[in-house]
Amino acid sequence: MNYLVYIVRRLFLLIPLLLGVTFVVFVLTRVVIAGNPIDQIVPPMASQEQRDRLAERYGLTDPIAVQYLKYMRNLVRGDMGVSFQTGLPVTREILKFFPATFELTTYAMLLALLIGVPLGVVAAVWRDTWIDQLSRFLSVSGVSMPVFWLSLLLIYFFFFQWQIAPAPIGRINPRLVAPDTITGWYTIDSLITGNWKALQSAISVLVLPTIALAYGAMAPLARMARSGMVEVLETDYIRTARAQGLRWRTVVFKYALKNALLPVVTMTAVVYGFLLGGSVLVENIFAWPGLGRFAYNAIASSDYTAIQGFVLYATTMFVVLFLITDLIYRALNPRIGP
Amino acid sequence: MGTVPANIFTGRERDDMHQVVRLLTITLLALLVGLGLAQDRTLIIAIPADIQNLDPTLSSGDISTQTIMTNVYAYLVDFALETDAAGNLTGNPDVFVGDIAESISSNDEGTVVTFKIRPGLTFSNGDPLDANAVKFTYDRIFGQGGVTAFLTGMAAVDGADAVRLVDDLTIEFDISTPNTLLLGNMAQFGHSILNPNVVQPFMTDEDPWAHEWLQNNTAGTESGPYMLETWDRGNQIVLVRNPNYWNTDAVQNDRIILQIIPDASNRLAQLRAGAVDIAIDIPTKDIASLENDPNVRVERFTTRAVGYLGMNNTVPPFDNKLVRQAISYAVPYDVILNNVLNGFGIQLTSPIPQGTPYHTDEFFVYEQDFEKAQALLAEAGFPNGFETTFTIRNDNAEAKESAVWVQASLRNIGIDVTIEEMPGAAFTERMQQRNHTFFYANQWISINNDPFYHLFWLLKADCCDYTRYQNDRVWALIDEFTLNTDAAAREAAAMEIQEIVLDEAPWAFLFQPDFVIAMRSDVEGFAWYSADRYVRYNTLRKASW
């Protein structure tokens, strides 16, 4: 019950936050970002009359304050408006592109955790040995290597030179039909529907972009895991546990890890939230139809409603992730009550 | 920080840990699986961007979208598809044939044009495709009042009432002033014939012409070679053969998959690896890397697109003809052609591009000559030059490179140029307001291959005379000869206009870029349509089919 109250209270805090964000974005798109969206949706020969008609239809002729109030009124009803570029509701557009980003990002995050955390832990356990050096090398290169460069290298070697990876085109081999949409994740949907060809293709095209994203995401996780572990392994209770003759697995996994991983949980939320905004570079290079490209196109074409919608989505995503992080924190560390 | 507690584990325990790491590694490697491909009569084409808005009469200006409409819809008339001496297919921009029309005829005065529709045609869903659908289409065009309506009106078809339904297979267009523009203005996507049975149910008081539905759908109203099977936004567009298309036997493939691959180097890599059959929009600097690849063929065609440096004719010091001439003598034409376009283009020598009737390079005197440029600048009252700003789009690599060359050259005659990069949308907005002072323009191509149509838009129209050029004699000639059928008089007028415009130098004439398309060597039948550059998919096939 306490948890429930806590969650509801946290979600209520979203309201003033989103209000502030919508206001800032609304002003930014219309005042700071130059460019008239109408110019982007009609050919250059279009008459002024036609342009005016469209501007009126999209409500661009009202004063900014009125536009904002109308926008907020619709937003309360869950309507983020219609994209200038596509004429489709922005909510629908974001839902369309979200699964691609969600799927890729989640696998990348899992891979990053799967490698980064053990790597950090092992590096901490064998400090200053070769494995620690390797961990350091991977972390530093993960942070400093531009993701587009890594992506191009991966494509060049795995696809082009050695031909062991499939063509980096989107979420599935273009000749195959995408699995029926259930969750929006191609891997899961094809598994549920028993579409093995699609499953194989979906997994194989995921590999390279997942590695590209995971490499950068892994670095901060490994560093966090290492420093957390180093700190914990030096505490008295660990020394005591070992002195009592407990097996290393018990010591590391049961006693040390739980405490060492607290900062990793926070870092995971930060990195995950960042990735869920979509990576324009990775999505562009791998022709991945995700939110990063959606946002990029929206900005490039001054598509006000789409930009606003995207920022709202990203904000909400962060808030929700941090809420989940706090809940996990509490589960891991009962000292922090709700 | 204390010492390392590494010694708290035994060797056995370390082995255990290693095993965990090893297991993880093996799992990851197992994820790397290859994949085989095979399917019939399907071509995969890599395109750089998604399509936007499929309403034929209220579409956006982007090439991807217009290409799809061109392949999905049929019109009354189309460009004649010809085979040249070398066996290449070309859509002749000056010769028109019936598309769904079986015959096109005109009365002697040229005031009535009659289209006879091929009998027994149907839309993709089986509904009759006849003169009633044509009438509905033109009612919609004029009712909606967009660019298509303007272009039809420009050819002296004065509104919906001028398009008369005679019987189920006959439709007549009344022409108030006989002219040569009509068919050229009609052979394009704006005139896509639509199915009233499908479109009408979506027409509402709020949206009287079903724009919202047509913007995103074509199902059942396809009249052309293909049907739009899927449009997976941001990812892929699939077209399948329309079995009801009147000329479907001539369609050489069954399915076209357009895969959106935004990154140019990825498009290139996919093509070289054979993952796609055709790649659109490959940067010219990358073409050289394809030359030694026996599996890839590059085709190039001179376009009628005009690339120029625009100088606002109403803003000092560019309002001074001598200044514009001086700049025209200082521009490094050859360098831009060879180093920026990498040789994929030709010098533009007139406002009327090569390939359009009555083009001449007789009056093009400009070549890089700093002494002459300096003398002109001194005569104009700027012996020491001046400072100015040159504006370009920040997403156009060619513009950026050109800007640097222009800046370096103009420095030689004392003109100090600051390069201003603008985001695409902001650049377009200012362009459309005609408020750029000194800028780079390389996009325009006139879909109607008529010199007066072309001159009207670029040197006179309120929308697109981006340099605010104004000359009473030139404007009078454009007015008089746009709607005129006297070929000799039109030619004389076109010559006079070219002479005046080249002397007045509202633009520095840069280039006509090539259209470049790269495909696998076994892809055959590419047809080049110089009128609009849109790829017609129906002629494409693989050698092995």
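## A residue in a loop of chain B

B:Ala305 lies in a loop of chain B, between strand E12 (296-302) and strand E13 (307-311). The model described here is predicted.

Is B:Ala305 buried or exposed? B:Ala305 has 20 C-beta neighbours inside 10 Å. A residue is buried if 20 or more other C-beta atoms lie within that distance of its own, so B:Ala305 counts as buried.

Which residues does B:Ala305 touch, once its neighbours within four places in sequence are left aside? The contacts are B:Asn442, B:Gln443, B:Trp444 and B:Ile445, together with B:Gln512 and B:Pro513. B:Ser106 is 199 residues away from B:Ala305 in sequence, and the C-alpha atoms of the two are 31 Å apart in space.

## Chain B as a whole

Chain B has 545 residues, of which 46% are buried. Its secondary structure comprises 17 helices and 21 strands. Taken along the principal axes, the box filled by the C-alpha atoms of chain B is roughly 100 × 75 × 55 Å.

Contacts in chain B can also be sorted by separation in sequence. Of those between residues at least 6 apart, 70% join residues at least 24 apart.

## Where chain B meets chain A

The contact between the chains involves 59 residues of chain A and 58 residues of chain B. On the side of chain B that touches chain A, the elements that each supply at least two residues include helix H1 (11-30), helix H4 (147-154), helix H7 (211-216), helix H8 (264-273) and helix H14 (424-432) of chain B. Strand E1 (42-47) and strand E10 (255-260) of chain B also each supply at least two.

Which helix gives the largest share of this side of chain B? H14(B) does, with six residues. By class, the side of chain B that touches chain A divides into 31 nonpolar, 22 polar and five charged residues.

## Two helices of chain A

Two packed helices are described by the angle between their axes and the distance between the axes. In chain A, the axes of helix H5 (residues 90-125) and helix H14 (residues 291-300) come within 8 Å and cross at roughly 135°. H5(A) and H14(A) are therefore oblique to each other.

H5(A) contributes A:Glu93, A:Ile94, A:Phe97, A:Phe98 and A:Thr101 to this contact, and H14(A) contributes A:Leu291, A:Gly292 and A:Phe294. The residues of the contact of H5(A) with H14(A) comprise five nonpolar, two polar and one charged.

Definitions and conventions: Residues are numbered from 1 along each chain as its sequence is written. Chains are lettered from A and ligands numbered from 1 in the order in which they are written. This is a predicted model: local features need pLDDT of at least 70, side-chain atom pairs count only at pLDDT 80 or more; totals for chains, interfaces and linings use all residues. Axes are lines fitted to C-alpha atoms, for helices over the stretch in contact, and angles run from 0 to 180 degrees between N-to-C directions. Helices (H or I, at least four residues) and strands (E, at least two) are DSSP runs, numbered from the N terminus. Angles under 35 degrees count as roughly parallel, over 145 as roughly antiparallel, 65 to 115 as roughly perpendicular and the rest as oblique. Two residues are in contact if their C-beta atoms, placed from the backbone, lie within 7 Å. Ala, Val, Leu, Ile, Met, Phe, Trp, Tyr, Cys and Pro count as nonpolar, Asp, Glu, Lys and Arg as charged, and the others, Gly among them, as polar. A residue is buried if 20 or more other C-beta atoms lie within 10 Å of its own, exposed if 12 or fewer, and partly exposed in between; C-beta atoms are placed from the backbone.
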